[in-house]
Amino acid sequence: MAQLACPYLANYCNITNDQNLFSQADAVVYHMRDKINIKQAKKYRHAGQRFVFVLWESPVHTPKLKSYRDFFNWTMTYLLDHDIPHDYGRFYRKDSKLDFL
């Protein structure tokens, strides 16, 4: 299991890159700049499992996003109105007040 540098998520999530645990996961996070095998993911996905679209970069620099239409349930990007807003290295609860420096 990977070490997590986020106290909020560490209290609620087990984070791993062990693909053998795919079918047990409540959510699977996909970074859009990495290769995604959509056919295999759909084959092993279980009812209620969430697929999370993660993008650290601007969408302008990520080709072929339309091919993932209806694949993801949640988004995690730098935009504060997305399901899981983050900036590099930080995560926030959607319902929490964000303090900016």
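How much accessible surface does the protein chain have, and what share of it belongs to carbon and sulfur atoms? About 8000 Å², with 52% of that on carbon and sulfur (Shrake-Rupley method, 1.4 Å probe; for residues, only the protein chains shown count as cover).

**Overview. The protein chain runs α-β-α-β-β-β-β from the N terminus.** This is a predicted model, where local features need pLDDT of at least 70, side-chain atom pairs count only at pLDDT 80 or more, and totals for chains, interfaces and linings use all residues. Residues are numbered from 1 along each chain as its sequence is written, and side-chain values use heavy atoms, leaving out hydrogens and water. You'll find 2 helices and 5 strands (DSSP runs numbered from the N terminus: H or I of at least four residues, E of at least two). Of the 101 residues, 25% are buried (under 20% relative accessible area; exposed is over 50%, partly exposed in between; 1.4 Å probe, protein chains only).

**Close-up 1. Phe51 and Phe71 make a tilted aromatic pair.** The chain has 9 aromatic pairs (Phe, Tyr or six-membered Trp ring centres within 6.5 Å; planes under 30 degrees apart are stacked, over 60 edge-to-face, the rest tilted). Here the centres are 4.9 Å apart and the planes sit at 50 degrees. Phe51 is in strand E2 and Phe71 in the loop between E2 and E3, so the pair ties together parts 20 residues apart in sequence.

**Close-up 2. Asp70 sits in the loop between strands E2 (50-54) and E3 (74-76).** Its phi is positive, near 70 degrees. Most residues other than glycine have a negative phi. Asp70 counts as exposed because its relative accessibility is 75%.
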